[in-house]
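Student: Could you take me through the aromatic rings in this one, up close? I'd like to know how they pair up and what surrounds them.

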Amino acid sequence: MMEKLKGIPASPGIYIGKAFLYQEQRIDIPMYSVKADEIENELQRLDNAFEMAQVELENLKIINSSVLSNGENLLVDTHILMLSDPEFQNNIKNYLMQNFVNAESAVYSTTKEFIGELSLSNNTYAKERASDFRDVARRVLGMLTSQRLRNLSELAEECVVTAKDILPSDAIIMDKKKVHGIVLEAGGRTSHTAIIARAFGIPAVLGVAGVLQKVKTGHPIIVDGDTGTIIIDPDSKTLDEYRHYIEKNQEITDSLKRYTKKVAETDDGKRVILKANIEILNEVENVKAQGAEGIGLFRSEFLLMQNEYQQSEKKQFEVYKALLENFPGQPVTIRTLDIGGDKIFADLGDHNEKNPLLGWRGIRFSLSVQDIFRRQLRALFRASVYGDLKIMFPMISSMEELDSVLDIISQVKNELSAAGISFSHDVKIGMMVEVPSAVLEADNMAKKVDFFSIGTNDLIQYSIAVDRGNEKVAYLYQPFNPAIIRLLKMTADAAHRNNITVSVCGEAAADPLMAILLLGMGIDELSMSSQSISVIKKIIRNVTYDEAKATLSAVCEMKRGSEINNYLRTKYNDRFGIYFQ
Ligand code: PEP
Ligand code: MG
């Protein structure tokens with residue numbers, strides 16, 4: 001019988017196919033006590049297993065070098081680093097020596113406790129790191145017991161991988177030509193699986209409670225990554241509806257292809273620059289194919305969450321340089337580390353905050369852990385000679401913060417000059433406007449920076465006081481709330497009064513109806529995930545600036561988000577030949 005389940009829409013797109021139930025292979029773990037004179041031998045076995053596990057990962061990198069993305073490589077590197085972490089190894093060895101047990105028992109017992117603690121945490125990031133530790137521990141146990149672990153790299157046919165969780169290393173080597181959908185009981189939007197799924201355009205719905213009890217391998221299944229729905233054993237009516245929807249979407253996508261090479265300009269001559277948001281270097285080719293005019297937001301979190309990059313100016317420099325060289329003559333906007341809130345990393349940030357979203361986040365973290373911040377700035381400025389770099393800062397909420405950032409920038413530039421290191425003197429410095437206090441201070445802040453970039457994801461969260469990741473209050477998360485439209489307009493007006501440019505880089509920039517209002521406000525640039533660029537180009541080329549201004553004026557008179565929504569939908573419903581969700 002047909003069954004519909006809801007989860008988190010982690011990667012967009014729809015696929016109709018067959019489920020493949022992926023269950024982690026059980027490893028048989030021999031557990032026994034050892035005598036004092038056998039301890040040395042067990043420690044040696046442990047050392048060998050750790051070393052072989054590292055070699056296996058190094059080989060995985062080499063064998064898959066042509067297909068691994070930057071993010072995936074980073075992930076393998078993280079696991080290699082975890083394996084070589086002396087503290088991790090010593091914990092296991094101490095357990096072995098204190099309890100007189102074999103190497104397998106020591107690995108199992110030590111990591112089980114640690115993983116248990118991480119999984120119980122309320123923090124999504126800590127939960128996700130638990131899967132990294134499980135992955136690494138399984139690899140070591142596989143080595144100790146000489147068991148070859150099955151994986152997702154050898155799939156017989158095209159399928160929807162359905163699992164409790166996919167270990168990060170599984171996500172990396174899975175056969176992306178055969179995996180057309182991912183459904184997991186675990187995971188959130190920031191999990192590695194979600195990032196990889198988005199980078200490869202595989203529809204994914206994560207956090208689907210109880211799915212494993214309901215699905216068997218071979219079951220027909222629909223994965224709707226747009227709405228976060230999965231349908232098991234769909235009836236013929238539902239199948240027809242989805243097929244029709246996919247067909248229509250395909251027609252729309254095909255018809256939009258002719259916009260990729262065009263610019264977003266209205267008939268009456270208002271030009272809007274459309275750029276892409278990216279998280280890993282591997283997305284660059286796709287971004288170019290979609291006709292982006294540069295990068296409007298590179299979220300550097302996924303790079304810096306890798307300890308190796310966080311600690312190395314040189315390694316960061318190489319990534320920034322590669323990014324700039326990929327966009328000759330086009331701007332690349334890199335945002336400095338925005339950790340905290342729902343983006344906590346294993347070894348960074350405070351895992352026990354009562355109110356993480358209002359806590360040690362974004363620029364607040366960077367200003368207090370300045371070595372990471374300064375290292376990132378030095379790497380950025382050094383790379384600046386390779387292209388048109390713009391740097392921006394997340395979560396600015398007061399003038400003092402902005403003063404401190406600008407102060408550190410001049411110190412970093414002075415240091416580089418003193419060391420004879422060249423950098424571009426034309427790097428534009430901007431700030432994200434994503435906290436209501438920044439909107440209210442926009443006139444003052446605009447005098448200090450070269451550009452604003454509005455982060456609507458957070459601006460909506462902080463001005464309506466609605467957690468952007470909490471399903472229970474999702475109904476309040478309303479981009480068309482009149483208060484939000486007013487805040488956006490205030491920011492745009494303040495920027496232009498002070499002769500600086502203003503862009504929008506939150507999800508709202510990719511909403512066709514919102515794009516009309518943003519055009520009406522005179523927003524200079526929109527930045528979004530690359531697959532939305534052509535549809536927004538189409539919208540802008542099919543309305544006039546005058547009309548957008550008139551629509552905005554009409555909307556500004558309205559007092560309810562629902563009224564604004566209805567008005568825009570009715571007015572534009574049949575106009576562009578696209579669906580409004
Ligand atoms: C935003 O808040 O709108 C934004 C673009 O930043 P992030 O989604 O990374 O918080
Ligand atoms: Mg933000």
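Tutor: Let's start with Phe 50 and Phe 88, which are both buried. Keep in mind that this is a predicted model. Their rings make an edge-to-face pair, with 5.9 Å centre to centre and 80° between the planes. In total, the structure has eight aromatic pairs.

Now for another of these pairs, Phe 317 with Tyr 386. The ring centres are 6.0 Å apart and the planes sit at 65°, so this pair counts as edge-to-face too; the cut-off for that label is over 60 degrees. Phe 317 is in helix H13 (residues 313-326), while Tyr 386 is in the loop between helix H15 (370-383) and strand E13 (388-393), so the pair ties together parts that are 69 residues apart in sequence. As for burial, Phe 317 has 12% relative accessibility, so it counts as buried, since the limit is under 20%. Tyr 386, at a relative accessible area of 34%, is partly exposed.

Tyr 386 has a charged neighbour as well: the charged end of Lys 321 sits over the Tyr 386 ring, 4.9 Å from its centre. You'll find a lysine over a ring elsewhere too, with Lys 262 lying over the face of Tyr 259 at 5.5 Å from the ring centre.

Key:
Residues numbered from 1 in each chain as written. Chains lettered and ligands numbered in written order. Predicted model: local features only at pLDDT ≥ 70, side-chain atom pairs only at ≥ 80, totals over all residues. Heavy atoms only, no water. Phe/Tyr/Trp six-rings, centres within 6.5 Å; stacked < 30°, edge-to-face > 60°. Buried < 20%, exposed > 50% of the residue type's maximum accessible area, 1.4 Å probe, protein only. Helix = DSSP H or I, 4+ residues; strand = E, 2+ residues; numbered from the N terminus. Lys NZ or Arg CZ within 6 Å of the ring centre and 35° of its normal.
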